[in-house]
Amino acid sequence: MTGLDPRTKIVIIICLSTLAVFLNEPWPLLLLFVFTLVVLLLMRINFFRMAMRFKKLLPLLLLMLIIQSVFTAGGEVMFSFQGVHILTTNGIHSSLCILFRLLTFFSSAMIIMTSNSKDYVLALVQLKIPYEIAFMVLVALRFLPVFIEEIRDTLVAMQLRGIDLQRIPWRHKIKFYTHLFAPLLSSVMLKAHQLAITMEARAFRIYRRRTYLRLLQYRVADYVVMGFFVIATIAVLTRGFLY
């Protein structure tokens, strides 16, 4: 599945994301997440290495699950503190749904990594998406690594000045990150301004019709994979609406 057309991969991502949105039970969402991991394996994506990059998000996910459980009323109370229901069956049900839904979103997004960003722009254009929108997608894909690199460089610069982020209290850490994002946002805006000047210098949008060196072509495997995912998505959604 590594040689699939980028348009086929876009269809796969849309189908998996659609199912993750409409399914509202933990077990179906868990099965969908496992199926997404199987798709990643077939595309030879090392999702374990990618998961290590997201391990810093685990405290945020756990906090979000606890908050969701606290503010979801109903069900049997499993744990309470001074009259406040901390854990309930409905809260755990809702928290698990959110967890598996987010994991499916993150996992399906990894499929984008299997093709060049320029191929996705070409795929969107051949799907009759206006080139301006396709170009914005390309810019977003290009700016995300730059944004992450800016954050990493800024944090390293802060640490070289003797700031230990692990020892800063939470009340001061929030203030620290507030001061961190101000120059970071300024740097990103400067790069966006330079990109806009470059686009104007190269007469962006001067021609209504653009030509391309190559065109994407569907293969038999693309039709089979797209048909399977579209039919399976419609079948699951139809069954869910009927019941």
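How many residues does helix α1 have, and how far does α1 reach from its first C-alpha to its last? Helix α1, residues 6-22, has 17 residues and reaches 25 Å, close to the expected 24 Å (1.5 Å times one less than the number of residues). Helices here are DSSP runs of H or I with at least four residues, numbered from the N terminus. The model is predicted: local features need pLDDT of at least 70 and side-chain atom pairs pLDDT 80 or more, while totals for chains, interfaces and linings use all residues. Residues are numbered from 1 along each chain, and side-chain values use heavy atoms, without hydrogens and water.

Because 12 of its 17 residues are buried, α1 is largely enclosed by the rest of the structure (buried means under 20% relative accessible area, with a 1.4 Å probe and protein chains only). Among them are Ile10, Ile13 and Leu16. At the N-terminal end, Asp5 caps α1, with a side-chain oxygen 2.8 Å from the backbone nitrogen of Arg7.

Ser107 is found in helix α5, residues 89-109. Ser107 counts as buried because its relative accessibility is 6%. A polar atom of its side chain lies 2.7 Å from the backbone oxygen of Leu103. Leaving aside neighbours within four places in sequence, Ser107 is in contact (heavy atoms within 4.5 Å) with Phe33, Thr36, Leu37 and Leu40.

Notes:
Helices (H or I, at least four residues) and strands (E, at least two) are DSSP runs, numbered from the N terminus. Buried means under 20% relative accessible area, exposed over 50%, partly exposed in between (1.4 Å probe, protein chains only). A polar contact is a pair of N or O atoms within 3.5 Å; within protein, one must be able to donate a hydrogen and the other to accept it, and residues adjacent in sequence count only if both atoms are side-chain atoms.
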